[in-house]
Amino acid sequence: MTTLESPTAVGSGTAATDKFKNERVSADTSPERLAAIAKDALGALHKVILDHNVTYPEYRVFKQWLIDVGEGGEWPLFLDVFIEHAVEEVLARSRKGTKGSIEGPYYLADAPELPSVCTLPMREEDKKITPLVFSGQVTDLDGNGLGGAVVELWHADNDGFYSGFAPHLPDWNLRGKIITDDEGRYEVTTIQPAPYQIPTDGPTGQFIEAQHGHPWRPAHLHLIVSAPGKESVTTQLYFSGGEWLDSDVASATKPELILDPKPAADGKNYVTYNFALDPA
Ligand code: MBD
Ligand code: FE
């Protein structure tokens, strides 16, 4: 960290909550299915209370903590760190192609479109970090290249900030939608990301500290890869030998999603990763 503290819970949390609220999501869940899920969710919680002999003071602390999470704008953070991976596991059951991972709270639609060979938007100070040249091909499950596929890429800067969720960063910093060439290939230059510490100054940080956990995610790239007629995949890529790979606070790593970039004589790191998309 240089001039700025790590991201604050209220800063990034409020921005993430506002972004999510603006999406106005819905799901075509039947009333019967909703009732069954709600009944089992409450039942699971009741069982924890009974198994652990939870007391009234403990119950009231729980209530206060839930209120604090909401008022601190931390629900997107807390849910995506501690719950989303289970939903992704359900989705993964029906997938054959590239493994997915969680989206997390900091995705923004409408990033600028970039050609198949490109550099992500970045500031002069980002350019001091080791460049990462990330290339590969998007294919179907039979290995046929998919021209015009979209590789959406977003990641934190070297201080752990995501553009759109930190006011000091220009819009779309380290974000882009790379359009593949006729053979489905792409080559994007960005910077080698650093491990990411989730904000520790709010109720999510309290929750982690109370359990003697750590607030770190291994360094990661976020991606959504899509093509016409194919199922899009939301995923993340990590870095071989990186810290926190085996203890990601968000439980979102998979062995198939680890990159091993090699430094070249030009001072840049190079790595290739190919994406295979399931049919829609
Ligand atoms: C992140 O950058 C992230 O990827 C997740 C899943 C949660 C919090 C911050
Ligand atoms: Fe992230």
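User: Where in the chain is the place of R24?
Analyst: In this predicted model, R24 belongs to the loop between α1 and α2 (31–51).

User: Why does R24 count as exposed?
Analyst: The relative accessibility of R24 is 67%. The term exposed requires over 50%, so R24 counts as exposed.

User: Where is D110 placed, and why is D110 called exposed?
Analyst: D110 is located in the loop between α5 (84–92) and β1 (113–114). Its relative accessible area is 60%; the cut-off for exposed is over 50%, and D110 is therefore exposed.

User: Why does K19 count as buried?
Analyst: K19 is part of helix α1, residues 9–23. Its relative accessibility is 14%, and buried means under 20%, so the term applies to K19.

User: Which residues is K19 in contact with, leaving aside its neighbours within four places in sequence?
Analyst: The contacts of K19 are E103, P105, Y107, L108 and F165.

User: How do you know that R185 is partly exposed?
Analyst: R185, which lies in strand β6, has a relative accessible area of 39%. Partly exposed covers the range between the 20% limit for buried and the 50% limit for exposed, so R185 is classed as partly exposed.

User: What does R185 touch, not counting residues up to four places away in sequence?
Analyst: S116, G136, Q137 and T180 are touched by R185. By contrast, R185 and E58, 127 residues apart in sequence, have their C-alpha atoms 55 Å apart in space.

User: What makes I179 partly exposed?
Analyst: I179 is in strand β5, residues 175–179, with a relative accessible area of 25%. Buried would require under 20% and exposed over 50%; I179 is therefore partly exposed.

User: How far apart are I179 and A149 in sequence and in space?
Analyst: The two are separated by 30 residues in sequence, and by 5.8 Å from C-alpha to C-alpha. A149 is also one of the residues in contact with I179 once neighbours within four places are left aside; the others are E113, L114, P115, S116, G148 and V150.

User: Which residues does T234 touch, not counting residues up to four places away in sequence?
Analyst: T234, in strand β10, touches G100, S101, I102, E103, L223 and I224.

User: Which residues touch the most other members of the largest nonpolar core?
Analyst: They are F134, V138, I178, Y186, L223, L237 and F275, in a core of 46 residues. Elements giving two or more residues to this core are α4 (75–82), β3 (131–140), β4 (150–154), β6 (185–191), β9 (221–226), β10 (233–239) and β14 (275–277).

User: Which residues is Y186 in contact with, leaving aside its neighbours within four places in sequence?
Analyst: Y186 is in contact with S116, F134, S135, G136, Q137, V138, V151, I178, T180, Y273 and F275.

User: What part of the 280 residues do buried residues make up?
Analyst: Buried residues account for 43% of the 280. The accessible surface of the chain is about 15200 Å², and 55% of this belongs to carbon and sulfur atoms.

User: How many positive and negative side chains does the protein chain have?
Analyst: There are 23 positive and 41 negative side chains, and the centres of the two sets are 4 Å apart.

Conventions. Residues are numbered from 1 along each chain as its sequence is written. Chains are lettered from A and ligands numbered from 1 in the order in which they are written. This is a predicted model: local features need pLDDT of at least 70, side-chain atom pairs count only at pLDDT 80 or more; totals for chains, interfaces and linings use all residues. Side-chain values use heavy atoms; hydrogens and water are left out. Buried means under 20% relative accessible area, exposed over 50%, partly exposed in between (1.4 Å probe, protein chains only). Accessible areas come from the Shrake-Rupley method with a 1.4 Å probe; for residues, only the protein chains shown count as cover. Lys and Arg count as positive and Asp and Glu as negative; His and the chain ends are not counted. The place of a charge is taken as NZ of Lys, CZ of Arg, CG of Asp or CD of Glu. A nonpolar core is a set of buried Ala, Val, Leu, Ile, Met, Phe, Trp, Tyr and Cys residues joined through side-chain atoms within 4.5 Å. Helices (H or I, at least four residues) and strands (E, at least two) are DSSP runs, numbered from the N terminus. Contact means heavy atoms within 4.5 Å.
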